[in-house]
Amino acid sequence: MGYRILETADVPAYLRERGHWDDLDDIDVREVSDGNVNRVFLASNGAGTRSLALKQALPWVRVAGPSWPLSPDRSDAEARAYQQLARVAPDTVPAIHGYDPENHALVMEDLSDLAVLRTALNEGASYGPHTSRRIGGLVAQLSFATSDFGMDSADRKALIAASVNPELCRITEDVVLSEPYIEHEHNHWLPELDDLAARFRADTRLRTEVADLRHTFMTGAQSLLHGDLHTGSIMVGEREGAPVVRVFDPEFSFVGPIGFDLGLYWANALVSQERARALGAVTDHPLQLALSWEAFEREFRRLWPTRVDTFFDDAYLDRFLRRVWTQSLGFAGTEIVRRIIGFAHLTDLTTLPDPVPASRRALLLGRELIVHRAELTTPGAVRDLAG
Ligand code: SR1
Ligand code: MG
C-alpha cells in the first residue's frame, strides 16, 4: 500500500489493521506531538483501561513543515536504538509493541502516567536522587555494550554500518555544532543578546574549539548513542511506589562519541539550574552533573572486567574516562549555546518572565565549558563555575 501519513482519524483503523487493537471498543485518539521532528498520537479506549502511543516519522521536520524535508527512514534508526536499549537497560525504555518500516511508525507503551522531565522541572519539581544516577548508569550500559570493550571487533564494524544515520547527524552537525557560530537563517535570539551572539560569531578561539568537538562528533565512533538526550527525551515518575525513568525519542541514534549523550544531559541540567536561579527556586540542580557522572563512571568501571579485548588495560580505562569527561563538558557547552542563539530554544528559558539574565549567564557558561573544558577536571570545578 505504501507510506501513508496518518492523521488522527486514521489511527484507529491503522491500529486494528496492524493487529494492535483487536477488541471492538471505540478508540479515542489525540495528537500529542511535542518534539521538533515527528508526530505522536495517543490512543485509548473509552474506559481508560487500555492505551497505546503511535509515533510516525513525517517526510519533513514537523515544526518546519515541507520546507525542511527529512527522510522518514530515520524511524529505522529509532527502532534499532530501542532494540539495543531494551537489550542493555530494558527498565529505561518504553515497551515497543511493533515497528512498521513501510509507514515509518512505532507503536509503543503509553507513558502519559509519567512526566516529561523538562516539564516537571519547569513546574518546580526537583530531580530527586534517582534520575541522574539512572541516566548516568544507562549511558554507561549502552556505551560499554556497543563499544569495542563490549563487542567483538567485527560485530562492532557491522553495528557502525547498520547504525549510520546521515541526515540526523547532519542536523546536529549544523544546528548544534556550527550554525550558532556563523550567520544562518535558522539562528534567532532575544534582541538583548545581540552583543553576545555577535561576540560568539567573532570569537575565533571558540570557533576552533567547536570545530574540534564537531570533528569528534563526526569521527568518534565510540558507541551507540541515544543522540538527543535532553530533558524532553526523558520521562520520570513513580509506578507502584518505585521511581521510574524512561528514555524515548532516540531517532538521532548513531555510533558516535559517548560524551555527546552525557553532554546533552548536563547542558539541560545547567540550563534548568539557570531557570531555577532566575525564579529563586534552585533545589538539587547543582548536584546533577556529579550524580550522573559518578553513576556513569561507576557502572563503566563495574563492566570493565568483562571487556572482550584485554589489550585495553586499566591505565587505558583511566585515560579513556578522562577523555569522555572532557568531551562531555565541551558538548554540554555547545548544547547550551545552540539552545539560546541557534535553532531550537528551550522552554526552560523562553517561559521565564524575563529570560535575558538567565540566557546571558547560560551563554557565558556554555562558552567556558567549550573553551576551558580541559581545565575543568572535576564535577566540583563545574559546580563552582556554574555558581
Ligand atoms: C531540526 S531538529 C532540531 C532539534 O530538535 C531535536 O530534538 C534535536 O535536538 C534537534 O537538534
Ligand atoms: Mg525528540
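## Helices α6 and α8

In this predicted model, Cys169, Thr172, Glu173 and Asp174 of helix α6 meet Arg214, Phe217 and Met218 of helix α8, where contact stands for heavy atoms within 4.5 Å. Helices here are DSSP runs of H or I with at least four residues, strands are runs of E with at least two, and both are numbered from the N terminus. Helix α8 covers residues 204-219, and its axis lies 10 Å from that of α6 at an angle of about 175 degrees; the axes are lines fitted to C-alpha atoms, for helices over the stretch in contact, with angles from 0 to 180 degrees between N-to-C directions. The two helices, α6 and α8, are therefore roughly antiparallel, a label for angles over 145 degrees, whereas under 35 is roughly parallel, 65 to 115 roughly perpendicular and the rest oblique.

Ser178 sits in the loop that runs between α6 (166-176) and α7 (194-201). With a relative accessibility of 19%, Ser178 counts as buried (under 20% relative accessible area; exposed is over 50% and partly exposed in between, with a 1.4 Å probe and protein chains only).

## The open sheet

Five strands form an open sheet with antiparallel pairing, in the order β1-β2-β3-β7-β6, where two strands pair if DSSP finds at least two bridges between them. Strands β1 (27-31) and β6 (96-100) lie at the edges, each pairing on one side only. On average, and with direction ignored, neighbouring strands of the sheet are turned by 20 degrees against each other.

Within this sheet, β3 (residues 51-56) and β7 (residues 105-109) run antiparallel and are joined by 5 bridges; Lys55 has Leu106 in β7 as its bridge partner. The loop between β6 and β7 holds His104, which is buried at a relative accessible area of 7% and has a positive phi of about 55 degrees although it is not a glycine.

## Nonpolar cores

The largest nonpolar core has 99 residues, of which Ile234, Trp266, Phe296, Phe300, Ile336 and Leu369 touch the most other members; such a core is a set of buried Ala, Val, Leu, Ile, Met, Phe, Trp, Tyr and Cys residues joined through side-chain atoms within 4.5 Å. Helix α11 (residues 314-341) gives the most to this core, contributing 12 residues. At least three residues come from each of domain 1 (8-108) and domain 2 (115-386), with bounds from an automatic or database domain assignment.

Leaving out residues up to four places away in sequence, Phe296 touches Gly136, Gly137, Val139, Ala140, Ser143, Ile258, Leu262, Leu321 and Val324. A second, separate core of 13 residues includes Leu6, Tyr14, Val29 and Ala105.

## Two further residues

Arg134 belongs to helix α4 (residues 131-145) and is buried, its relative accessible area being 14%. Apart from residues up to four places away in sequence, Arg134 touches Ala89, Asp91, Thr92, Gln141 and Val245.

Glu240 lies in the loop between β10 (234-239) and β11 (242-247), and at 88% relative accessibility it counts as exposed. Its phi is near 50 degrees, a positive value in a residue other than glycine.

## Basis of the values

Residues are numbered from 1 along each chain as its sequence is written, while chains are lettered from A and ligands numbered from 1 in the order in which they are written. Local features need pLDDT of at least 70 and side-chain atom pairs count only at pLDDT 80 or more, totals for chains, interfaces and linings use all residues, and side-chain values use heavy atoms, with hydrogens and water left out.
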